[in-house]
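Please look through the sequence and the model below before reading on.

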Amino acid sequence: MRDLPPLKSLRAFEACIRLGNFTKAARELNVGQPAISHQINALERDLGIRLFERRGAQTVPTSDAITYYRSIAGALEDMTRASVALRKSVRPPGLALATYPGIAMFWLLPRLSRVRQANPDLAIRVTTAERDQDIPLEDIDCAILFGDGDWPGFESHKLIEEIVVPVAAPSVAARLAKCSRAEILKNGPLIHLEDQNQRWFTWRDWRDQRSPETEAIDAGIVVTNHGIAIHQTLMGHGIALGWRGVIDEMLDNNLLVALDQEPLSSSRGYYLVAQSAFLKTGIGKFVLDTLSENTIAT
């Protein structure tokens, strides 16, 4: 065991090779890029070889690094599988589901109450995270994630299409009733959703498709998840882009008002993501059927 390099360094190295660069590795491991560089330097000192080289603006693995990765990747994967299996063996029986805070708050929990009513003895645990890399798919039963349906090794079923409309509280909507799209974009107040990976529609997307002549748009307020954006909108603090399927009940009850009748849409959406084995179980089938009810389609 004295000859084994530090596990932190091995994790950083494995992520750098698998993901292709230090930035993505840092994001997945939830650390800064300098911490990844530090771990790689420590591993290079431990092994006595250079693992990465600078080529212009890129950092690329050496041939020794590729050979080393091929030798250790399987062992690290075995360790992961063994750890996941052990956690599952000691976890209380029930349903473990993960998603984003906004989806959990405004869409998932009301539907899970129906699952609970049909299965009163079922313990349900919902965890939330703002980033996909913080959701341990291997360690839960299922997740609701945003994307194009492609999660290698997992089965996915679309629950909500990406159909987006600008919304506001009734009092704000009344004040903006005679405003043009350009005026709404310029004056706001807009609530922006921070999205480093640029996956969700933004106000700039809405501007480009609905009011391309408008140059500057209101800087407004920037929040880190859709749940906060909708909550701030309900409180009358601004205008947000709302996902149909998530906000429909609020629209039906006049808690929110759509400011435009031409939504943005794409082929993306929110998916139930799980291993096939779970979806073949009784509870897995019931969860899928329950969450698929009233699916919003384009």
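Of the 298 residues in the protein, 42% are buried, where buried means under 20% relative accessible area, exposed over 50%, and partly exposed in between, with a 1.4 Å probe and protein chains only. This is a predicted model, in which local features need pLDDT of at least 70 and side-chain atom pairs count only at pLDDT 80 or more, while totals for chains, interfaces and linings use all residues. Residues are numbered from 1 along each chain as its sequence is written, and side-chain values use heavy atoms, with hydrogens and water left out.

The C-alpha atoms fill a box of roughly 70 × 55 × 30 Å along the principal axes. The protein has 12 helices and 11 strands; these are DSSP runs numbered from the N terminus, helices being H or I with at least four residues and strands E with at least two. Contact means heavy atoms within 4.5 Å. Among contacts with a separation of 6 or more, 77% come from residues 24 or more positions apart.

Helix 1 (residues 7-19) packs on helix 3 (residues 33-47) at an angle of about 110°, and their axes lie 8 Å apart. Axes here are lines fitted to C-alpha atoms, for helices over the stretch in contact, and angles run from 0 to 180 degrees between N-to-C directions. The two helices are therefore roughly perpendicular, a term that covers 65 to 115 degrees. On the helix 1 side the contact includes Leu 10, Phe 13 and Cys 16, and on the helix 3 side it includes Ile 36, Ile 40 and Leu 43. The residues of this contact divide into eight nonpolar, two polar and one charged. Nonpolar covers Ala, Val, Leu, Ile, Met, Phe, Trp, Tyr, Cys and Pro; charged covers Asp, Glu, Lys and Arg; the others, Gly among them, are polar.

Is Asn 30 buried or exposed? Its relative accessible area is 53%, so Asn 30 is exposed. Leaving out residues up to four places away in sequence, Asn 30 touches Arg 131 and Asp 134.

Further along, strand 3 (residues 95-99) and strand 4 (residues 124-128) run parallel and are joined by five bridges; strands pair if DSSP finds at least two bridges between them. Leu 95 has Ile 124 as its bridge partner in strand 4.

Two loops remain. Pro 189 lies between helix 7 (181-187) and strand 7 (191-193), and the peptide bond from Gly 188 to Pro 189 is cis. Asn 254, between helix 10 (248-252) and strand 10 (257-258), has a positive phi near 60°.

Note on methods
Angles under 35 degrees count as roughly parallel, over 145 as roughly antiparallel, 65 to 115 as roughly perpendicular and the rest as oblique.
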